[in-house]
Amino acid sequence: MIRSGRSSAQAMTRARILLKIDEGWSAPQVAAALDISERTVFRAKRRYAEEGLDEVLRHHNQVQRHRKVDERVEAHL
């Protein structure tokens, strides 16, 4: 991760979260130190517990949502 210099900022933040948690920091302390929300800390912890380190650090695309306005409606507008 560090050697290649190609990691996303989000992956680096999640790695820092896990390191701080492993050092015994509380979620509010981690959130304050990294200037992130506590929810982000809890999500990273949960994902690590459920899916493991590789999945926590991997970028997941958002779920593709259906368009509310399709081409036919867009042409009408």
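This is a predicted model: local features need pLDDT of at least 70, side-chain atom pairs count only at pLDDT 80 or more; totals for chains, interfaces and linings use all residues.
**View B. Lysine 20 over the ring of tryptophan 25.** The charged end of lysine 20 sits over the tryptophan 25 ring. The distance to the ring centre is 4.3 Å. Aromatic pairs are another matter: a search of the whole structure finds zero.

**View C. Helix α1 from end to end.** Helix α1 covers residues 9-22, 14 residues in total. At 1.5 Å a residue, α1 should span 20 Å.

**View D. The buried face of α1.** Ala11, Arg14, Ala15, Ile17 and Leu18 are buried in α1. Seen down the helix axis, the buried residues fall within an arc of 155 degrees, so they line one face of α1. They pack against α2, α3 and α4 (53-57). Ala9 and Leu19 lie on the other side of α1 and are exposed.

**View E. Aspartate 35 in the loop between α2 and α3.** The loop holding aspartate 35 runs between α2 (27-34) and α3 (38-51). Most residues other than glycine have a negative phi. Aspartate 35 has a positive phi, near 55 degrees. The residue is exposed, with a relative accessible area of 72%.

Note on methods. Residues are numbered from 1 along each chain as its sequence is written. Side-chain values use heavy atoms; hydrogens and water are left out. Rings of Phe, Tyr and Trp (its six-membered ring) pair if their centres lie within 6.5 Å; planes under 30 degrees apart count as stacked, over 60 as edge-to-face and the rest as tilted. A charge sits over a ring if NZ of Lys or CZ of Arg is within 6 Å of the ring centre and within 35 degrees of the ring normal. Helices (H or I, at least four residues) and strands (E, at least two) are DSSP runs, numbered from the N terminus. Buried means under 20% relative accessible area, exposed over 50%, partly exposed in between (1.4 Å probe, protein chains only). The expected span of a helix is 1.5 Å times one less than its number of residues. The arc is that of the directions from the helix axis to the C-beta atoms. Contact means heavy atoms within 4.5 Å.
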